Amino acid sequence: MKVRCILLLAVFLVARPTADCTKGSVPAIMFFGDSLVDVGNNDYIHTIVKANLPPYGRDFEGSVATGRFCNGMLLSDMIGEKLGLSSSPPAYLSPQAVGTNLLNGANFASAGSGYYDPTSLMYGLIPLSQQLKNFKEYISKLVAVAGSSQAQSIISDSLYILSSGSNDFAFNYYINPLLYKTLTTDDFADLLVGISIRTVTQLYGMGARRIGVFSVPPFGCFPLAITVFGFGSSKCVPGLNDDALRLNKKLNTAIDLLSKQLHDLKIEFLDIYTPVYILSTSPGSQGFTETRRACCGTGTVESTILLCNPKSIGTCPNATTYVYWDVLHPSEAANKVIVDSFAQSINKLVI
């Protein structure tokens, strides 16, 4: 494991791409998936999976808890910023997602959701299938605002980001005997990859031509995973990370195959596993000091406003040195490292 970590770190540092992206190259961005990109849709639905109270957002502009599962900016905010958008596309269910604000795109993601709809339905979230229906509705609204011709141009030239899969394992498969007793992890990974490719194909059918698909992160390195499955260890849980790697390998292969079938589709597999793994196992390489504990509360169990809230025991004084904000989500500082790591792949999609 130590040798593998050193090799990954060497590759990451030597091949790490420039952090610059081509600004002004896309008219809008559309986000789908989970908490890594959700800017607040869960604020407008009945669910316990929320981040709309302090200390969430403590380092965000205005120190406002917007529903982002972070102390500050998410991957979605940073992608928009790097591509030169004036602001991150609004949460589709928010009051801001109206009129000319729709010209910058929209964010359809729902924190806690997965590829597999039952994962989302277990927690009262917005399933991926419904996110696609919301996008179809968005297109109609966009036509009303911009006219048919401009709307069509925006849809085809926009960047689409899909982030999903980790919740399907962490908060469904691992705890659901109806799944883990009937499907192997390999079978379940195949199921998720099939849904991912169908989702991409559906987006393509609605006009999308530039799509980035996130890998799943090493969820065995999340502080909560170590607390629950680490049995006293302070290191990542290998078995969980093996499941993540298995899913990522299958997803990457399927995306490569799809790109050969749809010649006018630009599609990239956006690897977030590697940067998060490096941050989690060698934090000092990127200037971080704490990876086992998250910044909120004790840093071992706290996530969502159920445990990370104004009544919790507080937060770390300096989140920039922490890889994780809560036990499931990277800090703003870590998000910046993650986005910088796949900047070249984003450029391939937008130029």
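**Around asparagine 335**

A: Skipping its neighbours within four places in sequence, asparagine 335 is in contact with Cys70, Met73, Leu74, Leu75, Met78 and Pro330 (contact means heavy atoms within 4.5 Å). Keep in mind that this is a predicted model, where local features need pLDDT of at least 70, side-chain atom pairs count only at pLDDT 80 or more, and totals for chains, interfaces and linings use all residues. Residues are numbered from 1 along each chain as its sequence is written, and side-chain values use heavy atoms, with hydrogens and water left out.

Asparagine 335 belongs to helix α13, residues 332-341 (helices are DSSP runs of H or I, at least four residues, numbered from the N terminus). It counts as buried because its relative accessibility is 2%; buried means under 20% relative accessible area with a 1.4 Å probe, protein chains only.

Now the helix pair. The axes of α2 (residues 75-82) and α13 come within 9 Å and cross at roughly 50°; they are lines fitted to C-alpha atoms over the stretch in contact, with angles from 0 to 180 degrees between N-to-C directions. So α2 and α13 are oblique to each other, a label for whatever is left after under 35 degrees (roughly parallel), over 145 (roughly antiparallel) and 65 to 115 (roughly perpendicular). On the α2 side, Leu75, Met78, Ile79 and Lys82 make the contact, while α13 brings Glu332, Asn335, Lys336, Ile338, Val339 and Asp340.

As for confidence, the chain's mean pLDDT (the predictor's per-residue confidence, from 0 to 100) is 94, and 93% of its residues reach 70 or more.

Terms used:
Helices (H or I, at least four residues) and strands (E, at least two) are DSSP runs, numbered from the N terminus. Buried means under 20% relative accessible area, exposed over 50%, partly exposed in between (1.4 Å probe, protein chains only).
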